[in-house]
Amino acid sequence: MDLITTATSKDESERQAAVALLPVGSFEQHGDYLPLATDTIVASVIAREIARAYPVMLLPPITISCSHEHAGWRGTVSISARTLYQVVTDIAASLAEAGVHRLVVVNGHGGNYVLANIVQEASVRGPAMALFPQSSDWNRARADAGMETNAHEDMHAGEMETSLLLATCPDVVRSGNETADWSADDRPHLLTLGMAAYTKSGVIGRPSLGTKAKGHTALESLVRSFGALIALFDEER
């Protein structure tokens with residue numbers, strides 16, 4: 001899996017990209033069939049495909065983030081929202097010193113709520129940072145791929161994530177997704193009680209519906225959706 005950039009300083013000097021991509025994943029349980037690094041893989045794959053299609057600077061991923069809702073499962077590791085805030089803002093400041101004043105945070109973990117605040121604060125005086133994909137981008141990707149679930153019911157380790165990994169790194173997907181569907185559409189106290197209050201397996205969604213074809217189409221859709229975002233930055237230059 002070529003998920004970490006191998007670009008050299010010379011490459012970036014020649015590219016002179018105005019926009020950098022920072023994948024942010026997590027290290028948290030994804031049932032018995034997807035790896036703990038699933039969100040990092042997803043964010044990195046999306047960022048990699050975007051970098052192949054647009055003139056951007058690709059950064060290596062942040063691999064551990066805010067996964068406190070998954071603390072009930074062994075293997076999950078988290079950092080605080082304060083730490084994630086500081087890491088992302090420090091990276092943005094370092095990029096700016098090097099002449100790259102636009103940063104897109106490619107988020108693979110829905111629990112990283114603080115990223116939205118970072119983007120809002122950074123862009124008070126004009127577009128400087130963005131969060132991608134947004135809900136609309138994910139919804140469009142689901143529709144384009146013909147997925148049967150929506151984002152709410154397919155919250156974690158379900159049709160979307162299974163499809164993306166089957167399409168891009170099938171070797172990390174173990175057997176078991178075919179029988180791991182778990183429904184928990186009503187989860188009003190998730191932030192307080194965590195995932196363990198709503199699922200025994202760690203799964204909320206329908207991974208049995210995941211396919212390689214859906215993953216490829218969803219990824220292609222996300223890459224197309226990014227076009228509107230980079231165009232917005234171009235308008236502000």
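This is a predicted model: local features need pLDDT of at least 70, side-chain atom pairs count only at pLDDT 80 or more; totals for chains, interfaces and linings use all residues.
Next I checked where R48 sits, and found it in helix α2, which covers residues 38-53. Is R48 buried or exposed? R48 has a relative accessible area of 12%, so I put it down as buried, the cut-off being under 20%.

Then I stayed on α2 and looked up its packing with helix α6, residues 159-168. Their axes come within 10 Å and cross at roughly 65 degrees. I noted the crossing of α2 past α6 as left-handed. Which residues meet there? From α2 I listed T38, D39, I41, V42 and V45, and from α6 E161, L164, L165 and T168. Sorted by class, the residues of this α2 and α6 contact come out as five nonpolar, two polar and two charged.

Last, I turned to the other pair, helix α3 (residues 81-97) and helix α4 (residues 114-122). I have their axes 10 Å apart, at an angle of about 40 degrees. That angle is why I call α3 oblique to α4. I logged the crossing of α3 past α4 as right-handed. On the α3 side, the contact uses A81, L84, Y85, V88 and T89; on the α4 side I found V114, L115, I118 and E121. My class tally for α3 with α4 reads seven nonpolar, one polar and one charged.

Key. Residues are numbered from 1 along each chain as its sequence is written. Side-chain values use heavy atoms; hydrogens and water are left out. Helices (H or I, at least four residues) and strands (E, at least two) are DSSP runs, numbered from the N terminus. Buried means under 20% relative accessible area, exposed over 50%, partly exposed in between (1.4 Å probe, protein chains only). Axes are lines fitted to C-alpha atoms, for helices over the stretch in contact, and angles run from 0 to 180 degrees between N-to-C directions. A crossing is left-handed if the near helix is turned anticlockwise from the far one by less than a right angle, and right-handed if clockwise. Contact means heavy atoms within 4.5 Å. Ala, Val, Leu, Ile, Met, Phe, Trp, Tyr, Cys and Pro count as nonpolar, Asp, Glu, Lys and Arg as charged, and the others, Gly among them, as polar. Angles under 35 degrees count as roughly parallel, over 145 as roughly antiparallel, 65 to 115 as roughly perpendicular and the rest as oblique.
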